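These entries record a look at the charged side chains and their pairing. I began with the terms for accessibility.

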Amino acid sequence: MQPVRTTVNLDDDVLQAVEALRAERGLRLSEAVNELVRRAVALADQPDPAPFRQEVSSMGAALVPMDDIAAALEHLEGPAQR
């Protein structure tokens, strides 16, 4: 396929990504733009990952008081730790 010559206006963030790739890999402008577009197309073709699901289980009532820090520390560490 013959390369197509065109004019494209790049946003600042896109230009920064292009320039970073050019500096990193020593590419010409067109090569860097093509590389980044190919990466984006490859990512767009992948299916979305399954949503994260967290399994939860009831652990029952708390064994230490959770609303009184001093009492919880005394219960866990003993009265001598005060």
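I took buried to mean under 20% relative accessible area and exposed to mean over 50%, with partly exposed in between. The model I consulted is predicted.

Entry 1. I looked up how many salt bridges the model holds, and the count came to 4.

Entry 2. I turned to Arg22 and Glu19, whose side chains form a salt bridge at 3.4 Å, N to O. Both residues belong to helix α1 (residues 12-25), where they sit 3 residues apart, about one turn of the helix.

Entry 3. I next examined Glu35 and Arg25, which meet in a salt bridge at 4.0 Å, N to O. Glu35 lies in helix α2 (residues 29-45) and Arg25 in helix α1, so this pair ties together parts that are 10 residues apart in sequence. I noted a relative accessible area of 23% for Glu35, which is partly exposed. For Arg25 I found 42%, again partly exposed.

Entry 4. I also looked up Arg28 and Glu31, and found their side chains joined by a salt bridge at 3.8 Å, N to O. Which class does Arg28 fall into, buried or exposed? Its relative accessibility is 57%, so Arg28 counts as exposed. Glu31, at 33%, counts as partly exposed.

Entry 5. Finally, I traced shared partners: salt bridges join Arg25, Glu35 and Arg39 into one network.

Notes:
Residues are numbered from 1 along each chain as its sequence is written. This is a predicted model: local features need pLDDT of at least 70, side-chain atom pairs count only at pLDDT 80 or more; totals for chains, interfaces and linings use all residues. Side-chain values use heavy atoms; hydrogens and water are left out. Helices (H or I, at least four residues) and strands (E, at least two) are DSSP runs, numbered from the N terminus. Buried means under 20% relative accessible area, exposed over 50%, partly exposed in between (1.4 Å probe, protein chains only).
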